[in-house]
Amino acid sequence: MLNNLLKDYKIVLGSNSPRRKQFLTELGIDFTVRASDIDETYPVELTGAQITDFIAKAKADAIELQHDNEIIITSDTTVWNNNLSLGKPESLEEAYVMLKSLCGHEHEVISSVCLKSRNKTTLFHCTTKVCFANLSDQALYFYIDTYKPYDKAGAYGIQEWIGLVGIDKIEGSYTNIVGLPTKELVDELLQFIK
């Protein structure tokens, strides 16, 4: 259905994320990948969705449109916890510290998506609340050693083992936590091409 609605457009995913690629494939959207490698630092005064908005737009701005009918989709996700943005951990110890800070608390997963064509740019974000269980150090280290979550914001993937044993509840979009709010993306894409 979506391919039919988008038949006059070339969809470009500005991301190498296997999860984002999988979501677009499952949505039935034909797309090509043209990712940019940008510096993801952001102004220190930004908080929450301002951070992901800034980075998602910077990713879109770094990708050159090659055809008049192209729509570029870029996204950025962060775990927002205790007024801190938890990005991707760079070491086992950093992953452990991040996960330990989430245990027994509620945090927010925020994803921003930027849609860009020759004529316009749309930026939106989605926030999901996640209640993390109080997991033992043994469970945390098992997860880190087994799943190596170094490519995931907040050091976890809800679709993995830790999501099965460590999440008490979520409020909002599940796919947002994985890295792309699919329902919101479809709604915004359909508005974008009107």
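R19, D151, K152 and E160 are tied together in a network of salt bridges. A salt bridge here is a side-chain nitrogen of Lys or Arg within 4 Å of a carboxyl oxygen of Asp or Glu. By this rule the count comes to 10 salt bridges. Side chains of opposite charge can pair when their charged atoms come close.

Before going on, a word about the model: it is predicted, so local features need pLDDT of at least 70 and side-chain atom pairs count only at pLDDT 80 or more, while totals for chains, interfaces and linings use all residues. Residues are numbered from 1 along each chain as its sequence is written, and side-chain values use heavy atoms, with hydrogens and water left out.

Here are some of the pairs, with their N to O distances.

| Pair | Distance |
|---|---|
| E40 and K59 | 3.9 Å |
| K59 and D76 | 3.5 Å |
| D137 and K100 | 2.8 Å |

Helices (H or I, at least four residues) and strands (E, at least two) are DSSP runs, numbered from the N terminus.

How accessible are these partners? Buried means under 20% relative accessible area, exposed over 50%, and partly exposed in between (1.4 Å probe, protein chains only). K59 is buried at 10%, and D76 is buried too, at 7%. E40 is partly exposed at 37%. As for the D137 and K100 pair, D137 is partly exposed at 34%, and K100 is partly exposed at 37%.

Most residues other than glycine have a negative phi. N83 isn't a glycine, yet has a positive phi of about 60 degrees. N83 is in the loop between strand 3 (70-81) and strand 4 (84-86), and is exposed at 64%. A155, also not a glycine, has a positive phi near 70 degrees. A155 is in the loop between helix 5 (137-147) and helix 6 (161-165), and with 0% relative accessibility, A155 is buried.

One more loop residue is S117, found between strand 5 (106-116) and strand 6 (121-132). S117 is buried, at 13%. Leaving out residues up to four places away in sequence, S117 touches L65, E70 and F192, where contact means heavy atoms within 4.5 Å.
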